[in-house]
Amino acid sequence: MQVKNNLDNNSLMVNESLLSTSNGYFGVRGNFEEGYRNDYDTIRGTYINGFYETTDITYGEGAFGYPNTSQKIVNVIDGQTIKIYIDGELFNLFDGKVIDFKRKLDIEKGYSLRYIEWISKKGHHLKITIKRLASFTTLELFIIDYEVESVNYSGEIQIESTLNADVKNYSNKSDQRVASGHTKLLHVDKIDKNHGIATISSKTKISNLTIASSMNHNLNMEYTVKENSIIGMVKKNIKASEKISLIKYISFTDSIRHDDCFKESKNVVNVAMKNGEKYYFKDQEEYLNEFWKYSKINIDGEIEEEKAINYNIYQLLSSIGKVKNTNISAKGLSGEGYEGHYFWDTEIYMVPFFTLTNPQLAKRLLKFRYETLESAKIEAEKLGHKKGVKIPWRTISGSECSAYFLSGSAQYHINADVAYSYIQYYLATNDTEFLKEFGLEVLYKTALLWLDVGYFNNEGKFSIDAVTGPDEYTVMVNNNYYTNSLAKYHLKWVCKLSSILEKENISDWNRLKSKIAINENELTNMKNASEKMILLYSDELKINLQDDAFLKRKEWDLENTSEENYPLLLHYHPLYIYRYKVSKQADTILAHFLLDNETDIIMKNSYSYYEKITTHDSSLSPCIFSIMASRIKKIDKAYHYYKMTSKLDIENIKGNTKDGLHIANAGGVYMTIVYGFSGLRIKENGIHLSPIKPKEWTSYTFRINYKNSLVKVTISDKINIETEKEISLIIDKTKYLISGKRSLNYNNF
Ligand code: BGC
């Protein structure tokens, strides 16, 4: 994926996110090694997944049970800096003459590339190629492969390479989606420079975590400690047409995952140097070959779209935590927006991709909620619940970090979102072992909360009051359709899975029951609550109602709202917004997509109704509208909304890509193709398809890993299937048993 190469400040900051190099454990933004001009702004950042500082939340007026602390992803030690001085002049893109300048992220080989052809003010001509690799196979390792070729210069060249621990987080007071305070989070603990390896460790004050980082180089450097950094320096002679190659190995280790992170950090670069950079570049490519075997999407007809889609998929892989206590934050590891917090984005927008292509990685995401159940229990108690656990709305280590409960803690639907992702994982994999070990406990404890938060009303219906659904422009409502319908599904499935496991092996089931403390009466209550759940419907409009007061609110005149006033949240007081019938994002229609639980006509009507009042101020919205447009066979709309997703970051459509990539949207891009255009759903009786095809495309292809079998699906004017094992496929209600290759005629586009 190639990016636009303007040297204005805004484009550079957007490219810092787009060209970040991450492997799910750490991420380095695409800053220039040598830096920018002094008057430019930059978010020079390196982040470790799940590595945070605890920060205070100060309320003007607090209330009982509000979280007092939050967590914030830390900008850790910076190993990016490399400076080249040629005949006394510092190479940089703002002096001298830039003849050629290209940047790209190679998603097949797994590195980012910067190529520059440059003539210094004194007329020295250089070609510089810089590759950066965050290793998928040695998660702690970052490599910068820096090659300088002299075209016409013969003489001395001085190379400086720095490990800098004088780092700060970014802040922006005018945007609530970026943090506004708490910038200096790391304090140097130890510095050491022995045997060619420079190492610094730094600590956070309150969370008491340590991060260590080391660097070494293929060239012999002399190291000097200067305040909180170590600078390596070497002078070399170069002749015209000669090349000098600097390989910088940088490691990151942390005290959550490593017993002695200082020692292990040194060890990583020591081993890396012995193996040499070629070894890791090759390994990276092999790892990615395996990844793309299940994950690649091909588009015949629009090559730029194919690139955009796979770029988004690559970012999902780059963002997913692969070690314990990690998940995917809203911006992955590409920036500090939303402070590195994990949201429901994971379960509803990101898990689906991993469940369908890489169930091993999906399990990591699912396990995170298991690992943090204790904190979810504490949160439920704080909210006054006598039973169950409450998944935090936003968190890093497991405790609730939302300081604004109306669109934070009140989003109880997150309990059902987590459950939904476990159920989908089970349907795609049949992995009952996972259910027994982790899954059922999470499903049961999150479901218990519904029994405490909801109640049977006078008519014997199950009601859930005072919650916020996904649409954050409508808060604290009763019987939000999304929440209720997902809770209904959640409760039903806990009962169903319990009986599946009971039938499978009664003594195992009894052991599990006592381990989780499953109570038979509660299972009966869950069944009743699920059956009696209120799902609001308007006879007049023939749509599902977002909540019981939704229709009463005033209409917002969206047509006459000027472009500059979007997103509304940055231009209107929340109270003003709450009084209107206006949605930030897909809510009711998201439930329709996930559950496919209403008639076609209700889904169509609801789609048209909610489309008119939705601003898509959240990047989590257009993909869902695209999927549902496909579901109701509105091909042009499906393609229109798809187009709003595929290049959302690449073209900085939301205007805030500089703060990090929108990773839920990246998952959404995948979903618009697989769930949207192809209509895929995984149900108990097999894989369902109901495809459409945008007229701009001749065909599109995707692969999934279904119950350990690679299934390749191509939609053209036919449906072509290739599967390793026999699968049951339902196309628009007609069932097929397919093994090997099969081509089916299809004319329902
Ligand atoms: C959306 C939430 C989302 C959060 C993080 C907000 O703008 O409204 O649904 O979880 O961003 O991506």
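Axes are lines fitted to C-alpha atoms, for helices over the stretch in contact, and angles between them run from 0 to 180 degrees between N-to-C directions. The model shown in these views is predicted.

**View 1. Helix 4 against helix 18.** Helix 4 spans residues 303-319 and helix 18 spans residues 663-677; their axes come within 9 Å and cross at roughly 130 degrees. Angles over 145 degrees count as roughly antiparallel and those from 65 to 115 as roughly perpendicular, and helix 4 is therefore oblique to helix 18. The crossing of these two helices is left-handed. From helix 4, the residues in contact are Ile309, Asn312, Ile313, Gln315, Leu316 and Ser319. Helix 18 contributes Ile663, Ala666, Gly667, Val669, Tyr670 and Ile673. By class, eight residues of this contact are nonpolar and four are polar, with no charged residues.

**View 2. Helix 6 against helix 8.** The axes of helix 6 (residues 359-371) and helix 8 (residues 413-429) cross at roughly 150 degrees and come within 11 Å. The two helices are therefore roughly antiparallel to each other. Their crossing is left-handed. On the side of helix 6, the contact involves Pro359, Ala362, Lys363, Leu366, Lys367, Arg369 and Tyr370. On the side of helix 8, Ile414, Val418, Ser421, Tyr422, Tyr425 and Thr429 take part. The contact of helix 6 with helix 8 has three charged residues, along with eight nonpolar and two polar ones.

**View 3. Helix 9 against helix 10.** Helix 9 (residues 432-453) and helix 10 (residues 481-504) have axes that come within 10 Å and cross at roughly 140 degrees. Helix 9 and helix 10 are therefore oblique to each other, and their crossing is left-handed. Helix 9 brings Thr432, Leu435, Lys436, Leu440, Leu443, Tyr444, Thr446, Ala447 and Trp450 to the contact. These meet Thr483, Ala487, His490, Leu491, Val494, Leu497, Ser498, Leu501 and Glu504 in helix 10. Eleven residues of the contact of helix 9 with helix 10 are nonpolar, five are polar and two are charged.

**View 4. Surroundings of the ligand.** Around the ligand are Ala330, Tyr338, Phe343, Trp344, Asp345, Trp393, Glu472, Lys584, Gln585, Ser618 and Leu620. In the side chain of Asp345, an N or O atom is 2.5 Å from an oxygen atom of the ligand. For the side chain of Gln585, the distance from an N or O atom to a ligand oxygen atom is 2.7 Å. Glu472 has a polar side-chain atom 3.2 Å from an oxygen atom of the ligand.

**View 5. Glu598 and its contacts.** Glu598 is in the loop between helix 14 (588-595) and helix 15 (600-613). Leaving aside residues up to four places away in sequence, Glu598 touches Tyr481, Asn544, His592 and Met603. With Tyr481 there is a side-chain to side-chain polar contact of 2.5 Å. Asn544 is 54 residues from Glu598 in sequence, and the C-alpha atoms of the two are 9.0 Å apart.

**View 6. Backbone geometry in two loops.** Tyr566 and Pro567 are joined by a cis peptide bond with omega about -10 degrees. Pro567 is in the loop between strand 24 (554-555) and helix 13 (574-578). In the other loop, which runs between strand 16 (222-226) and strand 17 (229-238), is Glu227. Phi of Glu227 is near 50 degrees, a positive value in a residue other than glycine.

How values were computed: Residues are numbered from 1 along each chain as its sequence is written. This is a predicted model: local features need pLDDT of at least 70, side-chain atom pairs count only at pLDDT 80 or more; totals for chains, interfaces and linings use all residues. Side-chain values use heavy atoms; hydrogens and water are left out. Helices (H or I, at least four residues) and strands (E, at least two) are DSSP runs, numbered from the N terminus. Angles under 35 degrees count as roughly parallel, over 145 as roughly antiparallel, 65 to 115 as roughly perpendicular and the rest as oblique. A crossing is left-handed if the near helix is turned anticlockwise from the far one by less than a right angle, and right-handed if clockwise. Contact means heavy atoms within 4.5 Å. Ala, Val, Leu, Ile, Met, Phe, Trp, Tyr, Cys and Pro count as nonpolar, Asp, Glu, Lys and Arg as charged, and the others, Gly among them, as polar. A residue is near a molecule or strand if one of its heavy atoms lies within 4 Å of it. A polar contact is a pair of N or O atoms within 3.5 Å; within protein, one must be able to donate a hydrogen and the other to accept it, and residues adjacent in sequence count only if both atoms are side-chain atoms.
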